[in-house]
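Subject: Structure handover

Hello,

Here is the structure I promised to pass on. Please open the sequence and the coordinates side by side before reading further.

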Amino acid sequence: MAAAVAAAACHSPARLVVTCSSSATPAPPRRPLRVAVVGGGPAGASAAEALASAGAQAFLLERNPSGAKPCGGAIPLCMLDEFAIPRDLVDRRVTRMRVLSPSNLAADFSRALPPGAHIPMLRREVLDSFLRRRAADAGATLVPGLVTSLSLPADPATDPYLVHYISSDSGGPSSSRCVLEVDAVIGADGANSRVAREVGAGDYSTAIAFQERIRLPDEAMAYYDDLAEMYVGGDVSPDFYGWVFPKCDHVAVGTGTVAAKPEIKRLQSGIRARAAGKVAGGRVVRVEAHPIPEHPRPRRVVGRVALVGDAAGYVTRCSGEGIYFAARSGRLCGRAMADEWRLTGAVTEAGIRAGYLRRWDDEFRPTFRFLDLLQRVFYGGNAGREALVEMCADEHVQRRTFDSYLHKRMAPAEPWGDLRLLWRTAAAMVRCGVLGREVERLRRLEQQAADQVLLRH
């Protein structure tokens, strides 16, 4: 029935009219809550599933259902159970994580990995498609289409939002212009969120992630069977890291940056050069690029519109993790809207802030602030990056990292261990200051030599 309503909105000049209660204290509703969820990634699909499971009419709009976001694809182990993700969706189970410094010193994380634990690696097109199908099975209506604008309600409390989109449903006329009238909107449409722009949610800094999928010969692929590598250094990114992550039949090789977006292809050449001996003989089968947010957006709830996932800015600095936070924020927001509607017959900005935003910030703001601090301390130059890798070789650091990452909780304080870590950090920064400056000097000499060769030719 919901699908028929959406289709009618496309092919009829008359808009679907939704009657909203205007009393000061709304009675429990006699009709379902109607929500447009814009964006069909982990955030949007999880929001739509939560809404549909609670009896709401959820319209999940995705402009490119067959697309794939360039993404390392690592998720925390706890996400498999928390979001009931089938194990057969996992391409690789990483049990060895290696971080390489600008001078190619390596820290191997495998020593502190708890018995039986691993880091699941997935392809986004596989995960996203599964989550959308599950949302549809729960009752959500999947709407292939590009959202072009959002008409705000004349009465912010009671009037509906109008979501304008161009349908790309193969079952109907090509490029049909459609309108949905809904009670609330969830923007899960990424770093360049159209929903955020339409409601004036404010700007934020974005990074660019660039990735090549490389199919390796069998013997080279065997090397990455359960191994993921991260490379730090000014040659691969001035403010992030490069990666080689294993997938089903290929590796994902990529990098990201905020400060040097025009240089992204040069930085990609840097990660290819650092990993050259291990990916030799490989064939590039896909090239991808995508913006990712650097910090939370200034306004994440505006009226009855809420932002989740990348649209809200939920990607951690330092690690660049976003899949789990996208799915978790979408589910939390969807449940908050459905709960308020069930209890009061309305969705309000205050209710969304209390049921979604406050709970999100209470649980995850400390994690985001901590990783932001690490980024500022260790990614400012090669000296800091060398110190970071030296610290990563410490078993205490590895154990606390895995405790926090695999189970998505801040590891409890260990005063004596943390005090020793502080001392080791200071000592590493002093030692690596010398090494980092030498690495940077050698890199400059190498670049000068390359420039001279180009001038001669």
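Below are the notes on the chain as a whole, then on its cysteines and its aromatic residues.

Please keep in mind that this is a predicted model; every value here is computed from it.

Overall picture

The chain has 457 residues, and 54% of them count as buried. Its secondary structure comprises 14 helices and 17 strands. For contacts between residues at least 6 apart in sequence, 71% join residues at least 24 apart.

Cysteines

How many disulfides does the model contain? The count comes to zero. C392 is in no disulfide: the nearest cysteine sulfur belongs to C318 and is 8.3 Å away, whereas a disulfide would need the two sulfur atoms within 2.5 Å. Is C392 buried or exposed? C392 counts as buried, because its relative accessibility is 10% and the cut-off for buried is under 20%. C78 is also a buried residue, with a relative accessible area of 17%.

Aromatic residues

The model holds 14 aromatic pairs. One of them joins Y223 and Y224 edge-to-face, with 4.9 Å between the ring centres and 90° between the planes. Y223 is partly exposed at a relative accessible area of 33%, whereas Y224 is buried at 0%.

Y324 and F325 make another edge-to-face pair, with ring centres 5.8 Å apart and planes at 75°. Here Y324 is buried at 2% relative accessibility, and F325 is buried with a relative accessible area of 1%.

Which residues share an aromatic cluster with Y324 and F325? They are F83, Y314, W360, F364 and F368, which together with Y324 and F325 form one cluster.

Charge over a ring

Which ring lies under the charged end of R297? The ring is that of Y204, and the charged end of R297 sits over it, 4.0 Å from the ring centre.

Regards

Notes
Residues numbered from 1 in each chain as written. Predicted model: local features only at pLDDT ≥ 70, side-chain atom pairs only at ≥ 80, totals over all residues. Heavy atoms only, no water. Buried < 20%, exposed > 50% of the residue type's maximum accessible area, 1.4 Å probe, protein only. Helix = DSSP H or I, 4+ residues; strand = E, 2+ residues; numbered from the N terminus. Contact = heavy atoms within 4.5 Å. Phe/Tyr/Trp six-rings, centres within 6.5 Å; stacked < 30°, edge-to-face > 60°. Lys NZ or Arg CZ within 6 Å of the ring centre and 35° of its normal.
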